[in-house]
Amino acid sequence: MGFMPRLPETAPFSPSQRAWLDGYLAGLFGGNPEPSAEPPPPAEDFPWHDPTLLLDERLALAQGRPRERVLMAAMAQLDCGQCGYLCRTYAEAIARGEEASLTRCAPGGKPTSRKLKELVAAFGAMPGVPAAPAMPAPLSPEAAAADRPFEARFCAARPLNRPGSEKDTRHVVLAAAAGFEVGDSLGVAARNAPELVAAIIACLGASPETPVLAPDGVEHRLAEALAEACEIRRPSDQAIEVLASRALDRDHSLVLQAMAEGYPGAGPEDADLLDLLEAFPSARPPLSELISALDPLQPRLYSIASSPKHVAGEIHLTVAAVRYQKRARRRLGVASTFLSDRLAPGEKVRAFIRPAAGFRLPASPDSPIIMIGPGTGIAPFRAFLQERRAIGARGRNWLIFGNPHRDGDFLFEDELLAWCGDGHLTRLDTAFSRDQDEKIYVQHRLLERAAELWAWLGDGAHLYVCGDAMRMARDVDQGLAYILGREGQMDAAAAKAWLARLAAEGRYQKDVY
Ligand SMILES: Cc1cc2nc3c(=O)[nH]c(=O)nc-3n(C[C@H](O)[C@H](O)[C@H](O)COP(=O)(O)OP(=O)(O)OC[C@H]3O[C@@H](n4cnc5c(N)ncnc54)[C@H](O)[C@@H]3O)c2cc1C
Ligand SMILES: NC(=O)c1ccc[n+]([C@@H]2O[C@H](COP(=O)([O-])OP(=O)(O)OC[C@H]3O[C@@H](n4cnc5c(N)ncnc54)[C@H](OP(=O)(O)O)[C@@H]3O)[C@@H](O)[C@H]2O)c1
């Protein structure tokens, strides 16, 4: 019998998805599964591997599984690679004792790192929990990609919103010779805001020149360590513990200790390092002790918004600048404001390509695609549309975009309308959520076009969702299940299974954050 591919044991599919896919592959390659005396080992599924599920929901789905799977369920399930692994391989490395840091899951934040700490402590006292067979040592494409940084040249960060908008989304243009495919993201090594760094140094009463040991284990000048090497917007529990242990005032020490242990209400969950230093002036540890206990400043990821076949030598990003007021101080998102505000044309930015894990255009240029991308979720779809134009793909393209107001927030309006005008965009639907009394979201537009959506899927369309994970993608998922159930006369469970099968076929892909 000729080559007949089978899904690897570790592929994150449920048994039904796996059975269907194995059958599909057998059909495609014209073979029957190899006869074998041994029944195939039961396939492992990863039902919690969905970034739209809440932490508690994910953990409930992993109950009774081996400890590395429970640890995996605590991760944010984005497979974003910021930790240097995938969610599964990071969890396996922790379970094998090869990875000591429990704070690497940036999108999971403190809830994930605290849960990991709790689980690792609990598993230590529960030898009955079996470990799954060891997996090969992790060298994920994500880790490998982050190990291959390159320098991009900053060109511009043009506003995409009109004056008067409450949002500030930028069209960031970088020049770089890096190779990538549409669907990939760019990892950006940003620097913390200089005002925050200067205020921390002043509050510590230190000199910016003082040599300190940074979390990367390398000695830096204090100013450089705080600017480039440390996460200062979210001080680690370990750093808070250092502050607690060195606080001269007993009350300060107790409150800080409670904060480090995550007691609800002990202190503001979102305090940055400056908040802590100002609120607890008796806590002034030796500099290296404090600085080395902070988490390393991790790169931030941005979906690439351009196709190399359309604009060679450039990488475009669609970046929403994070700025807000809290406790009488203006707070700035590290990387989004670094890219939006703090770079001059010609400046170098350290970056790497994060290959998309399952966010790709269909292999056939004739297949129709449906793209649901509100807000910055439009980014990869601009790249998809550029790519399909560049390769002369004839498949139909349908984009559903949403943002607060048509007047101020219709990102890439001119480009999108031009593509509508010349037929490259077969359909463009917009959901401007705040232009009327009741909210209108992308899923409401889909509901209005339910029959058409069903017909496109019947024609083999691939369905994509990009943008906010916890609110939008979760609700869109539910909305789609409702629509498909109605159009296909399925009950809720069958509609969910239908969507899961679409995902297993690679025809329902999400890039959410
Ligand atoms: C695969 C992937 C693709 C992504 N693509 C894009 C993209 O195309 N465009 C894009 O803009 N982003 C994208 N992101 C998100 C991006 O990586 C960053 O998370 C985002 O820009 C914020 O990073 P920051 O460093 O500016 O903010 P940080 O310094 O990390 O601060 C963000 C934190 O600030 C807090 N915060 C934010 N707003 C408020 C508020 N109003 N009130 C109180 N607290 C608040 C929240 O805790 C939030 O987590 C993507 C993420 C992933 C994982
Ligand atoms: N994990 C994260 O930390 C995370 C994830 C995504 C975005 N953000 C941050 O949010 C900011 C803006 O992001 P963005 O520009 O991508 O836009 P966005 O905030 O995601 O909003 C885009 C559109 O989606 C609508 N929306 C809100 N809830 C929705 C839901 N449940 N279903 C469908 N649509 C919904 C919004 O409407 P209304 O606003 O009118 O309700 C708006 O019209 C940025 O600062 C970004 O970094 C953070």
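Select A320 together with ligand 1: a backbone N or O atom of A320 sits 2.9 Å from an oxygen atom of the ligand. That is a polar contact, meaning a pair of N or O atoms within 3.5 Å; within protein, one must be able to donate a hydrogen and the other to accept it, and residues adjacent in sequence count only if both atoms are side-chain atoms. This is a predicted model, in which local features need pLDDT of at least 70 and side-chain atom pairs count only at pLDDT 80 or more, while totals for chains, interfaces and linings use all residues. Residues are numbered from 1 along each chain as its sequence is written, chains are lettered from A and ligands numbered from 1 in the order in which they are written, and side-chain values use heavy atoms, with hydrogens and water left out.

Then pick R234, where a polar side-chain atom lies 3.3 Å from a ligand oxygen atom. Alone, ligand 1 exposes 990 Å², and the protein buries 71% of that (Shrake-Rupley method, 1.4 Å probe; for residues, only the protein chains shown count as cover).

Which element gives the most residues to the shell around ligand 1? Colour β6, which contributes 4 residues.

Next, select R69 and E92. Their side chains form a salt bridge, 2.9 Å from N to O (a side-chain nitrogen of Lys or Arg within 4 Å of a carboxyl oxygen of Asp or Glu). R69 is in helix α3 and E92 in helix α4, so the pair ties together parts that are 23 residues apart in sequence (helices, H or I of at least four residues, and strands, E of at least two, are DSSP runs numbered from the N terminus).

Now jump to R162 and E413, another salt bridge, with the closest N and O atoms 3.1 Å apart. R162 belongs to the loop between β1 and β2, E413 to helix α16, and 251 residues separate them. R162 is partly exposed at 44%, whereas E413 is buried at 16%.

Finish by selecting D270, D272, D275, K326, R327, R329 and R331, which are linked in a network of salt bridges.

Conventions:
Buried < 20%, exposed > 50% of the residue type's maximum accessible area, 1.4 Å probe, protein only.
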